[in-house]
Amino acid sequence: VFLWPSGDSNGATSCYINGKWLDAHYDPVANLYTFSSCIVLADLHGDGENKLVVGDLGTGSSNMKLKVYRGTGLMSENTLLDLPTGLVSFLMDQHEPRTPAIAVASGPYIYVYKNLRPYFKFTLPPLEVNALEQDVWNQAREMSLPSAPTQMDVTGQFDVEFRITVACRNGNIYVLRRESPKPKYCIELSSHPVGLVRIGKNVVVGCAQETLQGFTQKGKKLWTVCLPAPVTTMSVMDLPTRGFQAVLVGLANSEVHLYRDKNLISTIKTPDIVTSICFGRYGREDGTLIMTTKGGGLIVKILKRTAVFDDRDSAPGPPLAQSIRLNVPKKTKLYVDQTMRERENSVAMHRAFQMDLSRLRLAAARAYVKALESSLTPMSSSLSEPLRMNAVVQGLGPSFKLTLNIQNTAVCRPVMNLAISFLYDESLYSMKTAFFKVTIPLLVPGLNYPIDTFVECLSDKGISDIIKVFVLREGKSAPLLTAHINMPVSEGLALN
């Protein structure tokens, strides 16, 4: 990895490590004012070393120039007569070595530079040209749009198949195809587009309402991401050696976000607002990020060869697994047969289901009524004496401590004169008092009253039984509450 001078006072070469990027160069007074459409990286001399070609806007009315950088130094510059609006590199010769030429759109002209010298000037509208070229321009002129275009992305070959994605001033994006004089597809946006790039077969659009949206080439919306600041510029980050493609988005909060689909995978802090971005091979480094700032600065960063971008989204929001499609198995023959059976016998199956459901509801209602009539529930159904009871058994045996917790669930009415009775097998258990009145003369609403008693196990055969507890009211034959306590097996006799 070669490093460029960083502008130290002692002239030494330095490099600062910042996450996945190496800070190769920063010149805050480079006086470069341009946009992403006016920056290109090209091997102008065929020596395998790419140069940086910039269409500088100057002051907007004067000092417009075409500048070429090699490393961090200015290599050459040519004066432009008008503001540059676009800049591309292309091959115009067939003989070896094939060196690219530079085409600059400036005012009503397209200037072509070869070997960094003016080579050709094309005037719009064109003058007399040959018949083949005139036919090509006529075919291109036949494609009409409902509004003036502001941004454009072209892919494919003119003689085979091509797609032209155009963002217009009416806030819509149109897709033109070969042999189609009118747009094939239309993408309607909620706000005006400020950035347009293509990633594979998808189109990524930056909107004025601080959102980033992804669409298919047929106009179907895939995702939307909210941005923390307005978009200033956009570009594509393409690493063919790693098979990696992502979108670089410059924001007005002096940050550059790297998105892969809708996932934010990296954030770069910059000292000023970025106005143009270019990523590619610069010099002999494949992964070089070049940025210019609002104040005219030039920033050069090199991607580490050990850098790995995780597909996990670093922004807060739903997890990445939420957008992964489930691997639904294919339909088996049994599934298809059952589906056909349900279609053919749908009425009979619905009637049988309704009959079974009615029987289930009837059985549940009968069981509930029986529980209420026999007071088998742990809560009293009486409105005048609403009670709740639960039981706790403690001990290993043969002596057990039985605790009954009784609570009055009424709002403001106390309960008095209750009695408790126990029903059990006298050959297995014994109690000092199987029937006694509650020692608490008054049950205050909302309070829990514990009542303790002791149970003695008489059998040494390791068996247990149920003890029934009844909460009674004087003058009533039916109990208010009934509880069945499953007694544990006594282990104390075995120890003795």
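Q: What is the strand order in the open sheet of four strands, and how do they pair?
A: The order is β11-β12-β13-β14, and the pairing is antiparallel. Strands here are DSSP runs of E of at least two residues, while helices are runs of H or I of at least four, all numbered from the N terminus.

Q: What kind of model is this?
A: It is a predicted model, in which local features need pLDDT of at least 70 and side-chain atom pairs count only at pLDDT 80 or more, whereas totals for chains, interfaces and linings use all residues. Residues are numbered from 1 along each chain as its sequence is written, and side-chain values use heavy atoms, leaving out hydrogens and water.

Q: What makes β11 and β14 the edge strands of that sheet?
A: β11 (149-157) and β14 (185-188) each pair on one side only.

Q: Why are β11 and β12 called paired?
A: Two strands pair if DSSP finds at least two bridges between them. Eight bridges join β11 to β12, so the pair meets that rule. These two strands run antiparallel, and Gln157 stands opposite Glu161 in β12.

Q: What makes Arg177 and Glu161 a salt bridge?
A: A salt bridge needs a side-chain nitrogen of Lys or Arg within 4 Å of a carboxyl oxygen of Asp or Glu. For Arg177 and Glu161 the closest N and O atoms are 3.6 Å apart, so the pair qualifies. Arg177 lies in strand β13 (residues 172-177) and Glu161 in strand β12 (residues 161-168), so the bridge ties together parts that are 16 residues apart in sequence.

Q: Why is Arg177 called partly exposed?
A: Buried means under 20% relative accessible area and exposed means over 50%, with partly exposed in between (1.4 Å probe, protein chains only). Arg177 has 24%, and Glu161 has 34%, so both count as partly exposed.

Q: How many salt bridges does the structure hold?
A: There are eleven. One of them joins the side chains of Arg70 and Glu49, at 3.3 Å from N to O. Arg70 belongs to strand β5 (residues 65-70), while Glu49 sits in the loop between β3 (39-42) and β4 (51-56), so this pair ties together parts 21 residues apart in sequence. Arg70 is partly exposed at 44%, whereas Glu49 is buried at 16%.

Q: What separates Asp337 and Lys333 in helix α2?
A: They are four residues apart in helix α2 (residues 333-344), which means a separation of about one helical turn. Lys333 is exposed, with a relative accessible area of 63%, and Asp337 is partly exposed at 38%.

Q: How do you know how many disulfides there are?
A: A disulfide is a pair of cysteine sulfur atoms within 2.5 Å, and by this rule the count is zero. For Cys186, the closest cysteine sulfur is that of Cys168, 8.7 Å away, so the two are too far apart for a bond. Cys186 is partly exposed at 39%. Cys457, at 5%, counts as buried.

Q: What makes the phi of Glu210 worth a look?
A: Most residues other than glycine have a negative phi. The phi of Glu210 is near 65 degrees, a positive value. Glu210 lies in the loop between β16 (202-207) and β17 (211-216), and is partly exposed at 29%. Asp261 also has a positive phi, about 60 degrees, although it is not a glycine. Asp261 is placed in the loop between β21 (255-260) and β22 (263-269).

Q: Where is Glu285 found?
A: Glu285 is in strand β24 (residues 285-293). With 5% relative accessibility, Glu285 counts as buried. Glu285 and Asn50 are 235 residues apart in sequence, yet 8.9 Å apart in space, C-alpha to C-alpha.

Q: What pLDDT does the protein average?
A: The average is 81, and 86% of the residues score at least 70. This value is the predictor's confidence in each residue, from 0 to 100.

Q: Over which residues does pLDDT stay under 50?
A: That stretch is residues 1-18, for which the model has 35 contacts beyond four places in sequence; a contact means heavy atoms within 4.5 Å. Where pLDDT is low, the predicted coordinates should not be read in detail.
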